[in-house]
Amino acid sequence: RAHRVHKKRVERPDGRAGRRRVHRRSMMLARNHQLRAARVGSLAHVFWLAAALSLAGAARSLPRTPTYKALQSGQVHVEGNFIPPRLVRALREDAIALEAAGRFRASGLSEKAKGATQAFGAMDRRVCTLDLGLQGDQGARIEFATYLAALRKRVELATGRGPLKTAEQYLSAHGPGAILARHMDEFHEETKGSKGWMAPTRRSVSWLVYLSDEGWDEPGGAGAGGALRAYVRSGSRDAVTGGPAAGVACGAHEGNLQVGWRRTDRGGEEPVFLDCWLQAVSAAAAAAGSTSAIYRVCREGTEATRRQYLTLPFETASGADTDGGLFERQLLTSDERRRFSRVSAVPSDGQLYTDITPAGGTLALFDSVAVPHEVLPTTSGQRYAMAGWFHEAQQPFPTWFGDPTFGVED
């Protein structure tokens with residue numbers, strides 16, 4: 001009962017045997033470090049221990065390493081018992097204590113980019129951002145950091161992403177009636193306004209670990225509701241290999257973020273990407289800056305020939321209203337327009353949803369760019385979770401961009 005799925009089952013590698021082998025040693029390490037931190041009484045020493053334990057966690061090797069093919073396919077990777085029950089309990093008690101101390105605040109979906117006034121209330125989740133100066137059960141958070149560091153390294157090795165870094169992390173609490181509306185965790189830089197290209201990193205992988213008490217969603221249990229609902233593509237995953245149906249990982253390709261899905265002749269779905277750094281071919285075009293184009297990636301060919309462009313080069317202003325049909329209008333044929341749908345489109349042909357029940361210790365992992373998702377209403381109890389993102393470097397400006405001599409013939 002770690003998760004419940006409607007219409008489609010998602011990948012759930014367990015890897016539990018390996019964890020049992022390292023579990024006792026990790027407990028002893030965490031306990032010894034907590035005692036030493038208490039004796040020293042120095043916050044700086046606690047930070048040093050966190051770094052040391054993160055390295056120790058990164059070095060853990062599990063005999064059965066997940067492949068994270070679901071993550072690469074635009075599905076949700078679900079892993080029960082990602083952390084042991086005693087750590088789930090310690091982190092939940094830490095969250096309860098922090099909330100009693102007034103460290104949580106109401107936080108729904110931000111609309112600042114659209115100029116909207118922020119006004120959150122009882123129907124919104126409550127969050128506590130985790131930072132170095134936060135008091136409470138630092139020992140439990142340090143131990144959790146070892147699991148998170150090991151997960152980050154495994155994802156890097158299995159997917160080729162990275163180097164990844166844990167750049168955002170928070171505790172969340174959902175009381176009765178609280179929801180989180182459907183949204184995306186990351187967007188293409190060109191759609192994010194004038195500051196879209198200014199950040200050094202972007203969200204790459206979204207992760208969530210439930211801290212619910214035992215018996216969640218069971219009669220007489222601690223609470224009910226609050227499932228994560230993710231909208232996934234039925235044809236994006238190969239039925240035999242479990243990997244991407246078109247052989248191309250979702251999210252990003254050569255630094256270019258995914259903006260949509262394309263239905264293939266075989267009934268599958270493949271990711272399509274937006275390249276905003278096409279070099280201008282004349283002085284006049286160079287004066288206007290770079291141009292953009294949407295493309296798919298073919299299975300065969302060299303790196304230079306695998307791209308198949310679905311549009312002619314077109315101009316995009318950062319922050320353009322892409323929801324107004326800009327991408328669709330650029331597609332070359334009516335057939336391509338029928339095949340194309342945006343990553344954020346819900347509902348969409350061939351789309352399913354999967355619900356992950358908030359069982360304590362369960363990990364949910366998915367691509368930040370490719371998966372629309374929401375949190376369903378909590379019907380009873382308090383739903384606690386630890387959540388955040390692994391970041392990777394944002395695509396840099398090409399070296400030729402801004403060169404006034406580019407495109408000018410000798």
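Helices (H or I, at least four residues) and strands (E, at least two) are DSSP runs, numbered from the N terminus.

**Ground rules**

I'm looking at a predicted model, where local features need pLDDT of at least 70 and side-chain atom pairs count only at pLDDT 80 or more, while totals for chains, interfaces and linings use all residues. Residues are numbered from 1 along each chain as its sequence is written, and side-chain values use heavy atoms, with hydrogens and water left out.

**Entry 1: positive phi**

Glu254 sits in the loop between β9 (252-253) and β10 (256-263). Its phi is near 50°, a positive value in a residue other than glycine. Glu254 comes out at 43%, so I wrote down "partly exposed".

Tyr68 also has a positive phi, about 60°, and is not a glycine. I found Tyr68 in the loop between α2 (43-58) and α3 (69-72). Its relative accessible area is 0%, so Tyr68 counts as buried.

**Entry 2: cis peptide bonds**

Next I checked omega. Gly162 and Pro163 are joined by a cis peptide bond, with omega about 10°. Pro163 belongs to the loop between α5 (138-159) and β4 (165-174). I noted another cis bond from Val346 to Pro347, where omega is near 0°. Pro347 is in the loop between β14 (340-342) and β15 (351-356).

**Entry 3: Arg296**

I clicked on Arg296, which is part of strand β12 (residues 291-297). With a relative accessible area of 16%, Arg296 is buried. Which side chains does the side chain of Arg296 meet in polar contacts? For this I needed the rule: a polar contact is a pair of N or O atoms within 3.5 Å; within protein, one must be able to donate a hydrogen and the other to accept it, and residues adjacent in sequence count only if both atoms are side-chain atoms. One partner is the side chain of Glu270, at 2.6 Å. The side chain of Gln308 is another, at 2.4 Å.

Then I looked at contacts in general, meaning heavy atoms within 4.5 Å. Leaving aside neighbours within four places in sequence, Arg296 touches several residues, among them Arg262, Pro271, Val272 and Leu310.

Two strands pair if DSSP finds at least two bridges between them. I traced an open sheet of four strands, ordered β5-β17-β8-β15, with antiparallel pairing. Its edge strands are β5 (180-183) and β15, each pairing on one side only. I zoomed in on β8 (residues 228-233), which pairs with β15 in the antiparallel sense over six bridges. There, Val232 has Leu352 of β15 as its bridge partner.

**Entry 4: strand β19**

Why do I call β19 largely enclosed by the rest of the structure? Because ten of the eleven residues of this strand (residues 383-393) are buried. I then listed pairings of β19. Strand β4 runs antiparallel to β19, and nine bridges join them. Tyr170 stands opposite Ala387 in β19. Strand β6 (residues 201-210) pairs with β19 too, in the antiparallel sense and over nine bridges. Thr201 faces Ala393 in β19.

Methods: Buried < 20%, exposed > 50% of the residue type's maximum accessible area, 1.4 Å probe, protein only.
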